[in-house]
Amino acid sequence: MIHFDNVTKVYTNQNRPALDHVSVDVDKGEFVFLVGPSGSGKSTFLRLVLKEERPNSGAIHVAGKDLARLSNFKVPHLRRRIGCVFQDFRLLPNKNVYENVAFALEVIGKPRRFIRKVVPEVIELVGLEGKAHRMPDELSGGEQQRVAMARAFVNRPMILLADEPTGNIDPATSIGIMKVLDRINRTGTTVVMATHDAAIVDSMRKRVVELEDGKIVRDQSRGVYGQAY
Amino acid sequence: MRANFIFSEVWIGLRRNLTMTIAVVITVAVGMAMLGIGLMINSQVKMMQDFWYDKVEVSVFLCGKNPTMPNCKGKPIGVQQSKDLMEEIKGLSGVEQVLYESPDQAYANFQKSYAANKALIDATKVEDMPASFRVKLKDPNNYQPVVQALQGKTGVAQVTNQRDLVNQFFGLLDKLRSGAIIVAVVLVLAAALLIGNTVRLSAFNRRRETGIMRLVGASNLYIQLPFVMEGVISGLMGGVLAAVLLILSKVFLFEEIAKYFAFGSQLSWNDVAWVITLTMGIGVVICVLASFITLRRYLRV
C-alpha cells in the first residue's frame, strides 16, 4: 500500500537530510506506529505520502501509484484515497459536527443524497451519535479529534495517516481515540500513526517503525515504543 | 460540481470583504466607463470625419464693398472680373464643381447655423457677409494645389480650406479621447491591484477551509473557483455600473453636444451597445486574470 524505496529528503537550506535512504513497506490493512524523537522525520514521511513534498531521491509508491509520475492535477485524486488526522484537529469553527464531516464530501463534489446517508454513519462509528449539531467549541478535545477522524474516514480512504493524534489529549481519552483508530483499521483501512506516546504504542502491540535522524533504526512487528522504556 | 456550494462560498467571501468589494466595483466601473467614453469619442470622430471630409470645400471669399483684407487693396471685385475668376477656377485640375454664394445666401446660412446665438445674429448684417465661390474638389485630400493657385489673385480676399477648421475640432476630440483612455488604463491597473489584494485577503480569511479542501482532495478548480468567481462578480457589477454611466453619457453628453454642432450623424444606440459589451468583456477578463495571478502566489494547491 505504501512503498518507500531508498527515499532521501533534504529540505532546502538544511544540510542534514530529514529522511536518509529510507526503505519501508506497509501492506494493505496494516497498522503501523511511526515513532522517534521530534525532528526524526516522522512528519516528513507523512508529507511525502501525501505528495505535499517531493523526495530528492528514491521512489515512493502509494496505493499502487508511482508518486514521481503522478501529475499535479491528479494529486487531489490521490489525496481522496488518504485520510488525515492531526494533533490540532483542524476543524472549521463555524461549522457544526455534521457540517464539518460533510464538508469533506461536498468539496469533492459528492451528491447530497450520498452525503446525507454516509455522514451520520461515520459520526456513529467514531462514537459521536447525538452530537451531530454541536459546534466544535462545545466539544472536548477528545470529541473534537473524533470529529476529525470522522472527516478523515468519511470518504472510506484506503490509508489513514495520523500525525500525533493523541498529542493534545489526556491519556484516558487517548484510549478512546485509539479504539476508534483500531475500528477504522478493522474495516481494512491501512493506518500509519506517528506518535510520541509510549503507553499507547506498548498497549496496542502493533508494528513499530522507529526513526532517528532520518534513518530507520528499528522495524518490529508487535513492537513496543523502545527498549529504554 | 455543486453550484450552490460554490456560490455560498462566493457570497460569504464577498460579504467578508465588503469594503474591498465596493472599492473594486467602483474602480472597475469608472475605469470601464472612461474606456467606453474613449471608444465612443473614437467612433463619433470617425463618423464625423466620413461626413465632413466629403463635404468640405475650399471657400474663395471675394472682396466686398468695403473690403478690409489687405489683398483687396480697398477695391471691390467687378462683375466681369468675378465671372472670369469663376471660369478660371473651373479650369483648374482637381476641381469638380464651383458654386457662387451671394451675401444674401451666406447670411441665410449663417442664421441657420447660429440659430442658438441670437445676439450674434442680431449684430451681423447682410452687408457683413462676403460673397464667395464654394469649390468642391474631386479628391478632398488633395486641396493644396487649388488653394495655392487662388491665393493672392486680385479680387480674392481670402482662400480658406474648411478642412483646416474641421481638423482643429477633431484635434480637440482626439485629445479628449486620449485623455479618457489614459485615465482608463490607470484605473484598470488600479482595479487589477485591488482585486489582487482582495483575493489575498480572501485567501487568508479562508486558509483553514482551503487547507482542509487540499487535504481531502478537492480539485484545484473547486478550491480556486470561489476566488475567481468573486473577481468575476465584482467585475460584472463594475461593468453594469459602467454601462449605466455610458448610457447616461450618451444621453447627457453626446446628444447634448450634438445639438450645438452639426455632427452629420449621431452615435447610434447600436454603437453604445457594442462599446458596453466590449468594456464589460474587458472588465471581466481583467478581473479573472488578476484573481488567477494572485491565487497562484497566495494559494498553494
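A residue counts as buried when its relative accessible area is under 20%, as exposed when over 50%, and as partly exposed in between. With that in hand, let us explore this predicted model. Take B:Leu18 as a try-out: its relative accessibility is 48%, so B:Leu18 counts as partly exposed. B:Leu18 belongs to helix H2 of chain B, which covers residues 18-55. Although B:Leu18 and B:Thr198 are 180 residues apart along the chain, their C-alpha atoms are separated by 9.7 Å.

## How the chains divide

Let us start with the domains. Chain A is divided into domain 1 (24-54 + 70-81 + 157-229) and domain 2 (91-156). Their C-alpha centres lie 22 Å apart. Where the two domains of chain A meet, the contact takes 15 residues from domain 1 and 12 residues from domain 2.

Chain B also has a division, into domain 1 (3-52 + 167-298) and domain 2 (57-139). In chain B, the C-alpha centres of the two domains lie 51 Å apart.

## The six-strand sheet of chain A

Now find the open sheet in chain A with 6 strands, in the order E6-E7-E8-E3-E9-E10 and with mixed pairing. Which strands stand at the edges? They are strand E6 (82-86) and strand E10 (215-220), and each pairs on one side only. From one strand to the next, the twist averages 15°.

Inside this sheet, strand E7 (residues 159-163) and strand E8 (residues 190-195) of chain A run parallel and are joined by 5 bridges. One pair to look for is A:Asp163 with its bridge partner A:Ala194 in E8(A).

Helices pack on this sheet too. Helix H5 (residues 141-153) of chain A touches E6 and E7, and its direction makes about 165° with that of E6(A). Helix H6 (residues 171-186) of chain A touches strand E3 (31-35), E7 and E8, and its direction makes about 135° with that of E3(A).

## The four-strand sheet of chain A

Another open sheet in chain A has 4 strands in the order E2-E1-E4-E5, with antiparallel pairing. Why is one side of strand E2 (19-26) and of strand E5 (65-66) left without a neighbour in the sheet? Both strands stand at the edges with a single partner strand each, so one side of each has no neighbour there. Strand E1 (residues 2-9) of chain A is joined to E2(A) by 5 bridges, and the two run antiparallel. Within that pairing, A:Val7 stands opposite A:Val22 in E2(A). Helix H1 (residues 42-49) of chain A packs on this sheet, touching E1, E2 and strand E4 (57-62); its direction makes about 120° with that of E1(A).

## Strands in chain B

In chain B, look at strand E3 (residues 132-137). Of its 6 residues, 5 are buried, so strand E3 of chain B is largely enclosed by the rest of the structure. The table shows the pairings of E3(B).

| Strand of chain B | Bridges to E3(B) | Direction |
|---|---|---|
| E1 (residues 58-62) | 4 bridges | antiparallel |
| E2 (residues 95-101) | 6 bridges | antiparallel |

## Nonpolar cores and aromatic rings

In soluble globular proteins, nonpolar side chains tend to be buried together. The largest nonpolar core here has 58 residues. Which of them touch the most other members? They are A:Phe33, A:Val107, A:Val119, A:Val154, A:Met178, A:Leu181 and B:Met213. Leaving aside neighbours within four places in sequence, B:Met213 is in contact with A:Phe103, A:Val107, B:Phe5, B:Ala218, B:Tyr222 and B:Ile223. A second, separate core has 31 residues, including A:Val7, A:Val62, A:Leu70 and A:Ile159.

Finally, the aromatic rings. How many aromatic pairs does the structure hold over all chains? There are 3 aromatic pairs. In one of them, the rings of A:Phe31 and A:Phe33 have their centres 5.2 Å apart and their planes at 55°, so the pair is tilted. Are these residues buried or exposed? A:Phe31 counts as buried at 4% relative accessibility, and A:Phe33 is buried with a relative accessible area of 0%.

Note on methods: Residues numbered from 1 in each chain as written. Chains lettered and ligands numbered in written order. Predicted model: local features only at pLDDT ≥ 70, side-chain atom pairs only at ≥ 80, totals over all residues. Heavy atoms only, no water. Pairing = 2+ DSSP bridges. Axes fitted to C-alpha atoms, helices over the stretch in contact; angles between N-to-C directions. Contact = heavy atoms within 4.5 Å. Core = buried A, V, L, I, M, F, W, Y, C linked by side-chain atoms within 4.5 Å. Buried < 20%, exposed > 50% of the residue type's maximum accessible area, 1.4 Å probe, protein only. Domains from an automatic or database assignment. Phe/Tyr/Trp six-rings, centres within 6.5 Å; stacked < 30°, edge-to-face > 60°.
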